[in-house]
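Student: Could you take one part of this model and look at it closely for me? I would like to start with the charged side chains and go on from there.

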Amino acid sequence: MSVALMMGSDSDWSRMEVCAKTVESFGIECDVRVLSAHRTPHEVVSYVEESAARGVKVFICAAGGAAHLAGVVAAHTMLPVLGVPLDNPPLGGLDALLATVQMPGGIPVATFAVGGGGPMNAALFAVRVLASSDAALAKKLDAFGKEQTRKVGEKDARLQAARKSNA
Ligand code: RP5
């Protein structure tokens with residue numbers, strides 16, 4: 001059981017590393033590859049076909065600009081495909097967002113936020129998909145949620161203390 005993270009270019013990695021790290025923090029293998037819908041179209045299809053045979057259960061596809069990677073992958077598999085549009089210049093990611101999200105009916109791509117929490121949320125969504133049939137993983141997700149809540153509580157307490165000492 002693993003996740004495949006595909007990126008259109010190595011220039012995407014600085015924004016997608018958090019995605020791979022988040023998947024791996026749950027003890028799930030994350031295969032990271034640079035494969036482009038436009039520059040390596042045949043390799044994309046071969047990789048998608050062989051990945052399913054290797055136990056990949058979810059594809060995460062990140063690309064900027066004319067971001068067709070997630071759509072092409074979704075056209076070649078029945079596994080869930082999560083698309084992460086990236087905020088490249090000069091259009092800042094609106095181009096990638098529209099290319100990723102505006103899929104024709106019949107070929108679904110779950111699309112995440114441009115920048116911000118998008119790459120991390122794609123990872124967490126992949127973990128949620130896998131956790132739906134894995135009780136141990138569901139437990140880890142639950143612990144992650146509780147820890148996140150605890151950290152927000154800490155931040156709030158710090159803010160209250162700082163405001164009190166400045167009053
Ligand atoms: C997209 O083109 C890639 O996902 C990347 O975001 C963008 C630019 O690629 P490089 O020219 O940096 O290789 O396919």
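Tutor: Asp-12, Arg-15 and Asp-87 are joined in a network of salt bridges, a salt bridge being a side-chain nitrogen of Lys or Arg within 4 Å of a carboxyl oxygen of Asp or Glu. Side chains of opposite charge can pair when their charged atoms come close. The model is predicted, so local features need pLDDT of at least 70 and side-chain atom pairs count only at pLDDT 80 or more, while totals for chains, interfaces and linings use all residues. Residues are numbered from 1 along each chain as its sequence is written, and side-chain values use heavy atoms, with hydrogens and water left out.

An N or O atom in the side chain of Asp-12 is 2.6 Å from an oxygen atom of the ligand. That is a polar contact, meaning a pair of N or O atoms within 3.5 Å; within protein, one must be able to donate a hydrogen and the other to accept it, and residues adjacent in sequence count only if both atoms are side-chain atoms. Asn-88 places a polar side-chain atom 2.8 Å from a ligand oxygen, and a polar backbone atom of Gly-64 is 3.1 Å from an oxygen of the ligand. Taken alone, the ligand exposes 360 Å², and the protein buries 69% of that. Such areas come from the Shrake-Rupley method with a 1.4 Å probe; for residues, only the protein chains shown count as cover.

Back to the charges: the whole structure has 7 salt bridges. One of them joins Asp-31 and Arg-54, whose closest N and O atoms are 3.3 Å apart. Asp-31 lies in strand 2 (residues 29–34) and Arg-54 in helix 2 (residues 41–54), so this pair ties together parts that are 23 residues apart in sequence. Helices (H or I, at least four residues) and strands (E, at least two) are DSSP runs, numbered from the N terminus. Asp-31 is partly exposed at 22% relative accessible area, and Arg-54 is partly exposed at 42%. Here buried means under 20% relative accessible area, exposed over 50%, and partly exposed in between (1.4 Å probe, protein chains only).

Other pairs sit within one helix. Glu-17 and Lys-21 meet in a salt bridge, 3.5 Å from N to O. They are 4 residues apart in helix 1 (residues 13–25), which means a separation of about one helical turn. Glu-17 is partly exposed at 31%, whereas Lys-21 is exposed at 52%. In helix 6 (residues 135–166), Arg-150 and Glu-154 are likewise 4 residues apart, about one turn, and their salt bridge has an N to O distance of 2.4 Å. Arg-150 is partly exposed at 41%, and so is Glu-154 at 35%.

Cysteines are a separate matter. The structure holds 0 disulfides, a disulfide being a pair of cysteine sulfur atoms within 2.5 Å. For Cys-19, the nearest cysteine sulfur is that of Cys-30, 6.2 Å away. Cys-61 has its closest cysteine sulfur in Cys-19, at 10 Å, which is too far for a bond. Cys-19 is buried, at 0% relative accessibility, and Cys-61 is buried at 2%.
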